Amino acid sequence: MALPFLKSRVKKRDQVVAIDLGSRNTKAVHLQRRGDGFSLVRYTIQDAPIYEKNISPDLLSEHLRAIVQALDSKSKSVTLSLGVADSILRNTELPQMTISEMRLMLKYNTKNYLQQDLPDFAFDCHIVPPKEMHKPEISGKGPAKYKVWVGGAKNQLLNDLQTAAKSAGLTIDQVVMSILGPVNAFEAYQPEVFSKEIVALVDIGFKNSTINILYEGDLALSRVVGIGGDKLTTGLAESLGISYAEAEGIKIGMPQEVESSLQPLLSPLGRELRASLDFFEHQHDKAVSQVFVSGGAARSEFILEVLQTEMMVPCKGWNPTSFLNIALPPQQMGELELVAQQLAVALGAAVAEF
């Protein structure tokens with residue numbers, strides 16, 4: 001479910017470079033197809049050039065060139081993943097028509113279908129498969145409608161990405177949405193759970209966290225919560241009277257003496273996520289069985305425990321690289337366990353390409 005805004009590839013590839021353009025760090029992976037599986041041959045995590053401002057095409061071009069060089073990739077094709085600050089995801093109902101017709105209709109009528117004026121946006125759509133729980137709505141008036149997920153981003157941003165990639169000597173295969181990365185990666189990680197259970201995926205990012213609720217293989221709810229790792233670190237630094245860098249260092253290691261300072265910072269995030277579960281469970285009269293958490297903060301058992309207490313559902317971290325053959329250089333092999341949970345978005349963008 002990539003919802004690509006740009007899609008130039010004409011065939012499945014044997015190798016993919018996927019770049020997650022985060023607000024604080026850029027995470028990128030290089031995957032290769034090997035037999036029936038995929039191999040992770042290189043990854044990189046680098047500081048974003050300017051994470052408080054809009055990045056210029058020239059600066060982004062230099063950054064993309066450095067990322068591809070670090071991945072030691074000979075491929076000139078890349079997939080880029082946009083963060084939640086640069087894209088939107090909405091679910092709606094649209095008349096039965098082709099995807100291209102839906103995109104054209106949304107271009108001129110976003111207020112009616114998305115309850116928001118979005119001028120100069122590009123859109124793409126994913127029709128929810130019409131199985132028993134998602135039959136087309138048929139009434140006595142007008143055509144049947146399907147449930148549709150709509151992704152959008154500003155045309156200017158997409159043009160800037162194209163310009164930056166071209167300047168770096170690269171071709172963009174797809175531009176996808178970061179919020180869907182964990183969904184795609186989780187399908188590869190736990191296909192049985194993905195297709196048969198009701199679970200929530202929480203990804204704790206730098207500025208924001210996201211929650212996706214999967215209902216037997218379908219995306220039933222997707223929401224952005226404006227609390228991320230930055231707010232936790234800033235609050236911890238202020239509470240303890242230490243620097244931001246020191247707070248970042250102890251947030252995950254979690255000495256017991258800072259748990260009392262971190263818990264009140266985590267509780268609002270847990271309550272917001274619980275509200276999303278409540279909304280879904282009220283709408284569908286079904287309960288979420290477990291929550292899988294990704295992002296750097298998911299390495300902390302204490303953070304998982306606090307979220308589990310607030311959400312009242314079992315919470316666990318998950319390793320989005322575990323479905324892959326690992327063919328990394330020795331140094332990266334040793335570091336992978338520490339950073340794997342930060343790669344969920346990039347890996348989700350990559351597997352959507354295969």
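1. Helices here are DSSP runs of H or I with at least four residues, strands are runs of E with at least two, and both are numbered from the N terminus. The axes of helix H7 (residues 229–240) and helix H8 (residues 244–253) cross at roughly 110° and come within 8 Å. H7 is therefore roughly perpendicular to H8; that word covers 65 to 115 degrees, with roughly parallel under 35, roughly antiparallel over 145 and oblique for the rest. Axes are lines fitted to C-alpha atoms, for helices over the stretch in contact, and angles between N-to-C directions run from 0 to 180 degrees.

2. A word on the source. This is a predicted model, in which local features need pLDDT of at least 70 and side-chain atom pairs count only at pLDDT 80 or more, while totals for chains, interfaces and linings use all residues. Residues are numbered from 1 along each chain as its sequence is written, and side-chain values use heavy atoms, with hydrogens and water left out.

3. Which residues of H7 and H8 meet? From H7 they include Leu 232, Leu 236, Ala 237 and Leu 240, and from H8 they include Tyr 244, Ala 247 and Ile 250. Contact means heavy atoms within 4.5 Å. Sorted by class, the contact of H7 with H8 has seven nonpolar, three polar and three charged residues. Ala, Val, Leu, Ile, Met, Phe, Trp, Tyr, Cys and Pro are counted as nonpolar, Asp, Glu, Lys and Arg as charged, and the others, Gly among them, as polar.

4. Helix H5 (residues 181–189) packs with helix H12 (residues 344–351) at an angle of about 70°, and their axes are 7 Å apart. H5 is thus roughly perpendicular to H12. Gly 181, Pro 182, Asn 184 and Ala 185 are the H5 residues in this contact, and their H12 partners include Val 345, Leu 347 and Val 351. The residues of the contact of H5 with H12 divide into seven nonpolar, three polar and no charged.

5. How many residues of H12 are buried? Eight of its eight residues are, and H12 is mostly covered. Buried means under 20% relative accessible area, exposed means over 50%, and partly exposed lies in between, with a 1.4 Å probe and protein chains only. Among the buried residues of H12 are Val 345 and Ala 346. Both are also touched by Asp 20, along with Asn 25, Thr 26, Lys 27, Ser 81 and Ser 178, when residues up to four places away in sequence are not counted. Asp 20 is found in strand S2 (residues 15–21) and, at 5% relative accessibility, counts as buried.

6. An open sheet of five strands has the order S12-S11-S10-S13-S14, with mixed pairing. Two strands pair if DSSP finds at least two bridges between them. S12 and strand S14 (315–317) are the edge strands, each pairing on one side only. From one strand to the next, the twist averages 20°. Strand S10 (residues 198–204) and S11 are antiparallel over seven bridges, and Ile 198 stands opposite Tyr 215 in S11.

7. Strand S11 (residues 209–215) is joined to S12 by seven bridges, again antiparallel. Tyr 215 has Asp 218 as its bridge partner in S12. The two strands form a hairpin with two residues between them, and Glu 216 in the turn has a positive phi of about 50°. Six of the eight residues of strand S12 (residues 218–225) are buried, so S12 is largely enclosed by the rest of the structure.

8. Three strands form another open sheet, antiparallel, in the order S6-S8-S7. Strand S6 (88–95) and strand S7 (121–127) are at the edges with a single partner strand each, so one side of each has no neighbour in the sheet. The twist averages 35° from one strand to the next. S7 pairs with strand S8 (residues 145–154) over seven bridges, and Asp 124 has Gly 151 as its bridge partner in S8.

9. Two helices lie on this sheet's strands. Helix H2 (residues 99–108) lies across S6, S7 and S8 and runs at about 140° to S7. Helix H4 (residues 155–167) lies across S7 and S8, at about 60° to S8.
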